[in-house]
Amino acid sequence: MKRRLRQLIRLEIVLIYLVIIAGSVVRMTGSGMGCPDWPKCFGHLIPPTDREQVIWKPNSEFHKGRIIVRDEALLVANRDVRTGEQFDAANWDAYTKHDYAVFNALHTWIEYINRLLGALSGIPMLLIFLLSWWNMRKDLSSALLATLGLFLLGFEAWLGKMVVDGNLIPGQISIHMFGALSIVGTLVALLWRQSRALPLPASSPKFAWILPVSIVLLLIQIYLGTQVREVVDTLEREGMIARETMIEYIGLPFLIHRSFSWSLLILSLLFLWKNKGVGISRIHFGFVMLALAAGIILSNFGLPHALQPIHLLVATLFFGWLFHQSLKLWNQRKLGSPESEV
């Protein structure tokens, strides 16, 4: 059972990272309101592919709950409607959750794929929950972690609805990001619980305290990065500043984000220097350098859209790896395995 549970946890981790990538692509392309409602999309289970599907037409059928765009506003069918030659306002109610009334087929499908991946991620999470509770007498902690993971996934889905209903309220978007990281952390902890019987390394790396400290610094960096992104999103919506020059207008959030990255670099160099030839220190340094390289390109080459998901993916993968390594080292010390001086 443990082997099957580990496979499901790994699958769920992959799906969550795919959701993170998809969410970043949604923001990169400005597709967050591609579907104005939730969980459906313009009232459809399968999103529309053409504007003709979301406008009022004579002699056509619209099911209750179907959403159309008319006179730059969203209207919802309040009953099953068979239209005549003239528009009858009695059959339609105004959509009041927000006033964003734009249809873009590409944005709609990007947002829909993001939602679809989120829904798919719920299947292995539910199986993890059921298997963990089936084995709760032997491992109650795993059952509780699985419960937390399922709750967080449900919270993320609810929060996604709030983000859409609020027309991408900035603060909620950042919370959405950290909700995803919380799921990653929970799954990594659950995977560690299922892998504790696997062989441990002979010794711990020197200065192993750098790993948990790096987690804290990285989370601060991710938060600062979300603040930079929200400023960029605002400037882009206003459309008054060319994207190539936005860095000059972001101000303090970007300056802190850029300067704070030096702390992670210094720690990674110290870790690498104290653990010459040790794989964990090279991986740590590699993650930091990848994140820094992506950040430098973003800031110096006009914030290229395609690099934004890569920058975020590197940071979130780094977080998952750091958390897993920290748990392994903690377990190693707890069991009294031989270790080097730290």
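User: Why does C41 count as buried in this model?
Analyst: The model is a predicted one. C41 has a relative accessibility of 1%, and buried means under 20%, so C41 counts as buried.

User: What makes C35 buried or exposed?
Analyst: Its relative accessible area is 0%. The cut-off for buried is under 20%, therefore C35 is buried.

User: Why are C35 and C41 called a disulfide?
Analyst: The sulfur atoms of C35 and C41 are 2.0 Å apart. A disulfide requires cysteine sulfur atoms within 2.5 Å, so the pair qualifies. A search of the whole structure finds 1 disulfide.

User: Which hand does the link of C35 and C41 have?
Analyst: The angle about the S-S bond is -85 degrees, and the link is left-handed.

User: How do you know that the span of helix α8 agrees with its number of residues?
Analyst: Helix α8 covers residues 279–300, which is 22 residues.

User: Which residues of α8 are buried, and what follows the helix?
Analyst: I280, S281, H284, F287, V288, L292, A294 and L298 are buried. After α8 comes G302, with a positive phi near 75 degrees.

User: What is the confidence of the chain, and where is the pLDDT below 50?
Analyst: The mean pLDDT of the chain is 86, and 92% of its residues reach 70 or more. Over residues 337–342 the pLDDT is below 50, although this stretch has 20 contacts in the model beyond near neighbours in sequence. Where pLDDT is low, the predicted coordinates should not be read in detail.

Note on methods:
Residues numbered from 1 in each chain as written. Predicted model: local features only at pLDDT ≥ 70, side-chain atom pairs only at ≥ 80, totals over all residues. Heavy atoms only, no water. Helix = DSSP H or I, 4+ residues; strand = E, 2+ residues; numbered from the N terminus. Expected span 1.5 Å × (residues − 1). Buried < 20%, exposed > 50% of the residue type's maximum accessible area, 1.4 Å probe, protein only. pLDDT = per-residue confidence, 0-100. Contact = heavy atoms within 4.5 Å.
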